[in-house]
Amino acid sequence: MHLPVNHRLRPQWRFLAGLSGAYLLVFGIVGAIRTAGEPFFSRGDTEALGLKTNPAFAWLSIIVGVVVLGGAIIGRNIDHFINIWAGGVFMLAGLIMLTVMQTSANKLNFEISTCVVSFILGTIMLIAGMYGKVGTPAESIAEEVLRHSTRPGDKFAVKPHANK
């Protein structure tokens, strides 16, 4: 897998990942305040920022929000790894919660809108992770050369013409 190094859109994706972390942090804080006193895995109707929540989901959102926002602030490839992993986890969590939504296994009180938000945040973080790799200028040039080089036997390779 070849990920771009020092991509020109890295700052924009890093900002969006940081914004996603800030959203998770605010959602978690509002959710923790609104669900104070409820059972940890309650399935009530308490909402925070338009999404159903419970204390477990609120505290999990606070923790993940701090990690993602912290990674975006620190940078230096830490955000690259955090965003790739967090993006994958959010996509997987959205799928898993979508399948168990109507069962007793829905411990985080997800509903369809929560799954959609999970997919959106996962996509943003995954793309931010893919475009967030930082390296030296030499590593960036080497990656570009590797990406644009052709391999022997590649059926779409441009072959040099010999003048006759």
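**Salt bridges and the fold around them**

Modeller: Searching the whole structure turns up three salt bridges, where a salt bridge is a side-chain nitrogen of Lys or Arg within 4 Å of a carboxyl oxygen of Asp or Glu. Please keep in mind that this is a predicted model, in which local features need pLDDT of at least 70, side-chain atom pairs count only at pLDDT 80 or more, and totals for chains, interfaces and linings use all residues. Residues are numbered from 1 along each chain as its sequence is written, and side-chain values use heavy atoms, with hydrogens and water left out.

Colleague: Which residue forms a salt bridge with R10?
Modeller: That is D79, and the closest N and O atoms of the pair are 3.1 Å apart. R10 belongs to helix α1 and D79 to helix α3, so this pair ties together parts that are 69 residues apart in sequence. Helices here are DSSP runs of H or I with at least four residues, strands are runs of E with at least two, and both are numbered from the N terminus.

Colleague: Are R10 and D79 buried or exposed?
Modeller: R10 and D79 are both buried. Buried means under 20% relative accessible area, exposed means over 50%, and partly exposed is in between, using a 1.4 Å probe and protein chains only. For D79 the relative accessible area is 2%, which is why D79 counts as buried.

Colleague: What else does D79 meet in a salt bridge?
Modeller: The side chain of R14 does this too, at 3.9 Å from N to O. R14 sits in helix α1 and D79 in helix α3, so here the parts tied together are 65 residues apart in sequence. R14 is partly exposed because its relative accessibility is 25%.

Colleague: Let's zoom out. How many helices and strands are there?
Modeller: The protein has five helices and two strands, and from the N terminus on the order is α-β-β-α-α-α-α. Of its 164 residues, 37% count as buried. Among contacts (heavy atoms within 4.5 Å) with a separation of 6 or more, 73% are between residues 24 or more positions apart.

Colleague: How many residues does helix α1 have?
Modeller: Helix α1 covers residues 10–34 and has 25 residues. From first C-alpha to last, α1 reaches 36 Å, close to the 36 Å expected at 1.5 Å a residue; the expected span is 1.5 Å times one less than the number of residues. Buried residues of α1 include A17, G21, L24 and F27. The buried residues of α1 pack against β1, β2, α2, α3 and α4.

Colleague: What about α2?
Modeller: Helix α2 has 20 residues and reaches 28 Å between its first and last C-alpha, close to the 28 Å expected. Among its buried residues are P55, F57, I62 and V68, and their cover includes α1, β2, α3 and α4. After α2 comes G75, with a positive phi near 70°.

Colleague: Where does T53 lie?
Modeller: T53 lies in the loop between β2 (51–52) and α2 (55–74). Its relative accessibility is 0%, so T53 counts as buried. Leaving out residues up to four places away in sequence, T53 touches F27, G31, T35, T46, E47, A48, A58 and N109.

Colleague: Where does UniProt place the "transmembrane region" feature?
Modeller: The unreviewed UniProt entry places that feature at residues 12–36, 56–74, 81–102 and 108–131. UniProt positions are given in the numbering used here, feature names are shortened, and annotations may be inferred rather than shown by experiment. In the model, residues 81–102 are 91% helix and 0% strand, with end C-alpha atoms 33 Å apart.
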